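Trainee: Could you take me through how the features of a structure like the one below are read?

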Amino acid sequence: MDKTIYRNRLSALRRLMADKGIDAYLIVSDDDHASEYVGDYFKCREFLSGFDGSAGSLVITQTEAGLWTDGRYFLQAREQLGGTGITLQKMGEPDVPAIPAYLASVLQDGQCLGYDGRTIRAGYAAEIEAALAGKQIRYVQTEDLVGQIWKDRPPFPEHPVWILPDSYVGRSRAEKLAMVRKQMAQAGAERYLLASLDDIAWLYNIRGNDIAYNPVVLSYTIIEQEQAILYGTLSAFSDEVRKQLEADSILLRPYLQVYEDLKILPAESSVMLDPSTSNVALLSCIPEGVKVIRQTNPTTLFKAVKMPEEMENERKAHVQDGVAVTKLIYWLKQMQDSQELKEGKITEQVVRKKLEALRKEREGYLDQSFAPIIAAGAHGAIVHYEPTEATDIPLVEHSFVLMDTGGQYWQGTTDITRTVSIGTLTDTQKAHYTAVLRGNLNLGAARFKHGCTGMNLDVLARTPLWELGLDYNHGTGHGVGYLLNVHEGPNAIRFKEAGGKAGAVLEEGMITSNEPGLYLEGQYGIRVENLVLCKKAEQTEYGQFMEFETLTMVPHDRAAILPEQMSKRELALLNAYHKTVYETISPYLTEEERKWLKEETREIV
């Protein structure tokens, strides 16, 4: 693609900055709700840079432009930023300052920092201001400069809102509101401002399609003890949906009305909010006399701990999803010696479309849970590679195809990665696959005392790779929503906790991914991912112990495993998992598929 278009956009932005006296301008990935994934209307960073990863921030001055992103996107960003005039800043690498520190180094006394305050989290703005505290910096927080040069900007989304019945989630809106109001009372808050979209969707049992793959509704809410106000695009709410919400004293108002309503909060009243998900523009509307109580959204933990009904439904969703992915792997294996494969007709896009067709056949399927990653050969080393018509390549013989995909079902959200061998592998390739698989098995079998966080367990997944002097540059696990965002906090499994925070204790009912990997630039990538459900194990005189139940039901690639590199315990774990997969999935397969799965999951001695 011609990168001139991005250099021209950068020049246009700099002219606007000069006109408005802005010396540095910050553009983040977020929408107005601190969302990880955003709708097309909010993709300002992608419009300006061409980088389309889910995480990344731009800082532009008159002489420099840099994009900060994490290890998942280093290869992708390097490729997409080439020729744009934007420098890749690899977050977490030595000599790469964080954005607040960088701004402190380039901005001089009396200069101006600008950004669109609707897209900047209040907590992040405070970090930046602290870093710049020693300088007389002027802030312009109301300028959407990208919007002023984006002539064909996509329209603001207004897709229909729908209700998720209580039978799927186990708690009614009224019950959830009562939980929240109890937390408000304990915090001494008369009102609670909630801006994060998945929290609002969870709280009101509503879903929508305002962000691709994330069934959320662009909205804000203010909760009081006797009523709640939901701010959204009014045309998106049918009469039936309005009626159900109003029955629980939830009133509808226009989306942008929240900013005006905050301006007229009574003096000496109190409002609770989470600065990590509430934007600067919201906070600036709150009158000076109002007490602002800053704390993590209570809905975050409520949402992460799944109800018994949600747990059981998730098991059902993973059976349906497991059937689809298992059928895909069977099809891939049957194509190994085919003429189509040899002629390069089986491409990443062909595999993607085949899997989507198989998922659509499954009961309860609604949509994908994120843009599918189907990465052949060297593309597998690009951690979050997404095949397009422009990048599509055939499957590579004597290598791997890495497939990280997921589905949204009425019964829940799935996320699975399987790396499948194409042709004959070398012993080195098998050793790498086996090390990743061992990490997955060991983490999935963890028994741990209640009170542990994901940081306490991450070493279980990395040890087999560390023993070989290898590693991966991303977290090992993230929380997963229930028919909601595929990435959900607060639970996570990481080598280092983000932002210096201690991390969330793993509680019964939390669903977390288990996804170690290995990425060799220019060669291949390997990732093995299951979702695991945290459950209580035995209680002893030493306290409550916890364990994981693996939800994902798809076989691992037998042809890529070196059994001699696995311990007896690891082989037993693999054999037990494969036995469960066969018993669970085989009733849904054809006779030929069943025979193949029986062979694929037979005991390895």
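Mentor: The accessible surface of the protein chain, computed by the Shrake-Rupley method with a 1.4 Å probe, comes to about 24,200 Å², of which 50% belongs to carbon and sulfur atoms. This is a predicted model, in which local features need pLDDT of at least 70 and side-chain atom pairs count only at pLDDT 80 or more, whereas totals for chains, interfaces and linings use all residues. Residues are numbered from 1 along each chain as its sequence is written, and side-chain values use heavy atoms, with hydrogens and water left out.

Trainee: What share of the 605 residues in the protein chain do buried residues make up?

Mentor: Buried means under 20% relative accessible area, with a 1.4 Å probe and protein chains only, and buried residues make up 59% of the 605.

Trainee: Is Asp116 buried or exposed?

Mentor: Asp116 counts as buried because its relative accessibility is 8%. Asp116 is placed in the loop between strand 5 (112-114) and helix 5 (122-131), where helices (H or I, at least four residues) and strands (E, at least two) are DSSP runs numbered from the N terminus. Leaving aside residues up to four places away in sequence, Asp116 touches Tyr25, Gln141, Glu143 and Asp144, a contact being heavy atoms within 4.5 Å.

Trainee: Which residue in strand 28 is the bridge partner of Phe448?

Mentor: Two strands pair if DSSP finds at least two bridges between them; the partner of Phe448 is Met546, and three bridges join strand 21 (residues 447-449) to strand 28 (residues 543-550), which run antiparallel. Strand 27 (residues 530-540) is also antiparallel to strand 28, with seven bridges, and a hairpin joins strand 27 to strand 28 through two residues.

Note on methods:
Buried means under 20% relative accessible area, exposed over 50%, partly exposed in between (1.4 Å probe, protein chains only).
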